[in-house]
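I opened a notebook page for this structure.

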Number of protein chains: 4
Amino acid sequence: MKSIKTAVIGATGYAGEELTRLLYAHPEASVEVLTSKSYCNEAFSDIYASFNHVSCQVLREDELDEISKKVDVIFVALPHGIASKKITSEILENCKVIDLGADFRLKDKDVYEKWYNTEHFSPKLLSEAVYGLCEIHRDEIKNARLVANPGCYTTTSILSLYPVVREGLIDIDSIVIDAKSGVSGAGRGVSLGVHYCETNENIKAYKIASHRHTPEIEQELSFAAKQDITLTFTPHLTPMNRGILATIYAKLKPDVDYETVKSVYIKYFGDEYFVRLLNKGHFPETKWVKGSNFIDIGFEVDERCNRLVILGALDNLVKGAAGQAVQNMNLMFGLKETAGLDYAGIMPA
Amino acid sequence: MKSIKTAVIGATGYAGEELTRLLYAHPEASVEVLTSKSYCNEAFSDIYASFNHVSCQVLREDELDEISKKVDVIFVALPHGIASKKITSEILENCKVIDLGADFRLKDKDVYEKWYNTEHFSPKLLSEAVYGLCEIHRDEIKNARLVANPGCYTTTSILSLYPVVREGLIDIDSIVIDAKSGVSGAGRGVSLGVHYCETNENIKAYKIASHRHTPEIEQELSFAAKQDITLTFTPHLTPMNRGILATIYAKLKPDVDYETVKSVYIKYFGDEYFVRLLNKGHFPETKWVKGSNFIDIGFEVDERCNRLVILGALDNLVKGAAGQAVQNMNLMFGLKETAGLDYAGIMPA
Amino acid sequence: MKSIKTAVIGATGYAGEELTRLLYAHPEASVEVLTSKSYCNEAFSDIYASFNHVSCQVLREDELDEISKKVDVIFVALPHGIASKKITSEILENCKVIDLGADFRLKDKDVYEKWYNTEHFSPKLLSEAVYGLCEIHRDEIKNARLVANPGCYTTTSILSLYPVVREGLIDIDSIVIDAKSGVSGAGRGVSLGVHYCETNENIKAYKIASHRHTPEIEQELSFAAKQDITLTFTPHLTPMNRGILATIYAKLKPDVDYETVKSVYIKYFGDEYFVRLLNKGHFPETKWVKGSNFIDIGFEVDERCNRLVILGALDNLVKGAAGQAVQNMNLMFGLKETAGLDYAGIMPA
Amino acid sequence: MKSIKTAVIGATGYAGEELTRLLYAHPEASVEVLTSKSYCNEAFSDIYASFNHVSCQVLREDELDEISKKVDVIFVALPHGIASKKITSEILENCKVIDLGADFRLKDKDVYEKWYNTEHFSPKLLSEAVYGLCEIHRDEIKNARLVANPGCYTTTSILSLYPVVREGLIDIDSIVIDAKSGVSGAGRGVSLGVHYCETNENIKAYKIASHRHTPEIEQELSFAAKQDITLTFTPHLTPMNRGILATIYAKLKPDVDYETVKSVYIKYFGDEYFVRLLNKGHFPETKWVKGSNFIDIGFEVDERCNRLVILGALDNLVKGAAGQAVQNMNLMFGLKETAGLDYAGIMPA
């Protein structure tokens, strides 16, 4: 029998659907409840025909109180501003909660309200929430009731930069993150911006100097550096379904060379299953992580400019969302951390 | 412990790689040997970086005799004309063989030699080989030593047509199969024909009235109809990585209507896990089967012309190749037929 | 000075925009008025930034009466059901009209109202309207006041079939048209059906046995055959921006062979600039017509089945819409038929 | 009659073919000779079927001496290292030469030989060759016999940075260029790197800190800055046929704000037809320049970091290659600079 009973709130968005896919394939988890505001009372497999013969769930309403009494963990995949209303202390007494949205990621309520331009409805839970970047906060996650699952750009950026920031190898005023995302990151909502003909055969930057993942990246890297970090982050929309590639630039501190950098990556991530450090001359490509929970990290030193170029790639819906959520669940319930996630990506896909 | 020891011969082509991915994720199978002519002695994960941290296999040479003594089943994913040389009665005494290529699919050596324009080197094994279309030949597969895994276009076409041909609902002189395939069906070899800029944003037909999957489709449908069937098959190269959609046309016999057709599909496939019959007004799309072992089948009657339009969709690398090979292995070893294959496809992917 | 003053009604849809592009590049035409319901009073180049530095037109309202007094020709690119209200005899006394929509294509008002499920508001103009398939109705077009520009699937299908239907080389009960279109054919309106992630890496059929271009194809081929033709037409949505490929199947009459078929194509199209007949063994691909007004036609005889396989390819926005509209304008105004259209397609694009 | 006789050496690569397309559509140029090493003696339209009915040229050998006596200008589109052998003073006495390759772009022979790892065979011509970036070197181009047409990444990078570098608004040690290119930039040669399934649905960086366009960018920006500039340039392969987007980062000098930056862009490019400066809040996308000779430039100030983010987009085969070559021809022959290039891009395409 599968031991962990789960519910997915907002199962028909791309992150919710991917999470559902992973949970159905998980050796220890059962899917008890799927909810959807838009498609309530419809069969999940009528919305995602890929689930025919796999799931016979009917989509229900978001009644978290009731659901929290029936399951061991609730995954929340809702637009920001809603989770902070729906997740309460009462619910957390009934079950664990993993929030895939933004509402509990920023520790500072004011920063949240400024960047998201909305009120935060559960400020008291902010201090309890654990930032669910497993490789960085593993021990806290194990004991958490509420985990704030990181954003996709954020996971890529923080993991790629963490060792060199933590160890002070780079000039922290010089960090530039140029990130390229597949279109699924924009969600399943319809707009001209995701119309096939407007997106295909096109690349563009968007939300330049203003994307909401910026403060999340800065918060975690500032913790790592033990000083405030401000950086430039530019997201791009790339004509592909999935994947994020972050190309990150920073000036190296004096006397730091390739080997020094390599050693700190090995120090922090050498034993991590889901972080794959690439050998010299090899660099991440999104195709190698598609459908898997891995993040690939490589780097090069541009010696002519004394600049470090770091590249990180992951699947925005897996390690950047649903896969990391499952990894968090595994930690929270004392399962093997890789349970349900220990497979190669799909290529070509 | 995983109970079935496996080897993949030709692991670096797309079908071989996909098979390797499925076998690593299989609950009962272990991957003991991977071979490659082009990349012998290299790490498999250096060719497919998606396997970093998953596989530490080094690619070996194709020494089937030796390999056959160490494993329970050998999967052969080689170009046609090679398997019929390499697979021998001696090997079949050591282990079972599932051939993903064309060499043992056609029962008539002359038909093979005419369409493939090459000699067949093991004609004696042709009668022993079982055509590995699981839903049609399940019982024979269970006892087979040598299974000829069907082609991708073939699986789509035969399964989509089988019930109506078997039950005589259509005019067998009127069958037209218009099939659209993703580019991975062309393999990993380089040529101008698979150059990104020549393939992207383009659709074309190829091998019109001359594709080698034609006699394979005709052979199986003729068995079903108990009379010779000749049909027109047109493959198309579609700008996507994976997936086959076959749109099939045939004149209905008098007095055959939608409900009659529906009933025969239910008769033959109503209990099949991997065949998903779509409800009226719903039609297959390749995205719903991507990465999974399902084939989706739907149909409509064009009443103005008394013509049946059947649509079948599958993932050419899974149900059209590697997944069906695993399904065959499951049958041959008495495992649950769905073992390692009972999950939803990946979407978007 | 450019001699023909033009207006484009509905300039911000894909067909309207493509037409505007072609008119700006036309040696004899000037763009006087662009209209848009959705973007009225905005600069055209704010909607299509490709027109920065090329056009400084501001989008206006659809006041056809007024516009008709200022220009020589009005192009109407509106959804069906609207043009038949807006185009009146009074307007036709002021200027010529080329309608890119469906309202004046079908000669039989009842057929129109049945397939389009709407009233026709100008039935009196139906007899006057000339079906603007230039290669078939050239002489009538020259003298027309009102031209109904054919649909994209229609142009591909009719031109590909016309010679063999007209000359009675095929069994007219056996015609099947399997057509694959790029996504721009679905227009610029937003919906889940054109969301990038739902369309990319996917192929599907739609409107099976019910697409509205069917009666238009049948009307013109019935005229050619001098008898009623009913056929099966299946459109498919293909993951690419532009292009239509139609694969057409029909049984050959007895004693008709490759050479006979070839001769009738040469008879009808051998001197046509925009129809390119491919040599034996060469088949159309959409990439070769992209951005150009050409239709490429090739064929093969499947001798095993005595079936003719015809392939036709064009750019749905050029020969399938805007380019053919310009070709019609050229004919109506006595310009060189190829003016503004005599260039190669863009590849890769 | 068309007045300028042209030849294209290497007409079957993507740049050569695009150039041929533009020349056929040019109002003043005639295409007299097309050459190809790989396809010599074949019809050009057999290699590029898009040219059927447009061109009946047969591909010839690269005999530049002979060709130079028959034409007014030779365009050379060959791999680096070949042009410097083939282009001689004698040829330049017969006709003008525009080289689309790299051989005459770098003024310093040693820099060339180091980055390209090959000997330069015409060092004497290096001083005569004019760097064909029209907006920067217009006057010299007008009188040049030999023009070195800039690279695609180079044109994007230099034009995007020129005003702020020239006017000293940025810290020149802080420049990072993160460039994303479509696959046609890799040329038409076959390799696993351009296999559809390896490129589609994938983004990757390549030649990190080592791409050969780097010294070309640095050379021109150093001229502009009147001091040596060293910068980090990272190219990326993006899953689309055409287009380059460069996202450029640099620290602003003290007291430089948005308006200051804007004013220098207007100063240098406000009157340039092919440079389109975007308004505040608007940013370049490759789709808006596809098939056209425009470069779109926009920028934003990241005030939190005092960093300038500049974005430049062009079509790598037009303004990044063939279109700029035509623009150079127009200048060299006293034609209107925009002749044959004054049209909007194609969208969607």
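This is a predicted model: local features need pLDDT of at least 70, side-chain atom pairs count only at pLDDT 80 or more; totals for chains, interfaces and linings use all residues.

**Symmetry of chains A and B**

I laid chain B on chain A and got an RMSD of 0.0 Å, with a turn of 180 degrees and a shift of 0.0 Å along the axis; copies are superposed by least squares on the C-alpha atoms of residues with pLDDT of at least 70 in both. The two copies are thus related as by a two-fold rotation axis.

Residues are numbered from 1 along each chain as its sequence is written, chains are lettered from A and ligands numbered from 1 in the order in which they are written, and side-chain values use heavy atoms, with hydrogens and water left out.

**Cavities**

I looked up the cavities (sets of points on a 1 Å grid over the protein atoms alone where a 1.4 Å probe fits but cannot get out; lining residues have an atom within 4 Å of a point). There are seven of 30 Å³ or more, a volume being the space filled by probe spheres set on the points, which are joined across faces, edges and corners.

The largest cavity holds about 60 Å³. Its lining has 14 residues, and those closest to its centre are A:Asn200, B:Asn200, C:Tyr196, C:Asn200 and D:Asn200.

The second largest cavity holds about 40 Å³. Among the residues lining the second largest cavity are B:Glu285, B:Lys287, C:Glu198 and C:Lys204.

Technical notes. On a 1 Å grid over the protein atoms alone, a cavity is a set of points where a 1.4 Å probe fits but cannot get out, and a pocket is an open set with protein on both sides within 12 Å along at least five of seven lines; lining residues have an atom within 4 Å of a point.
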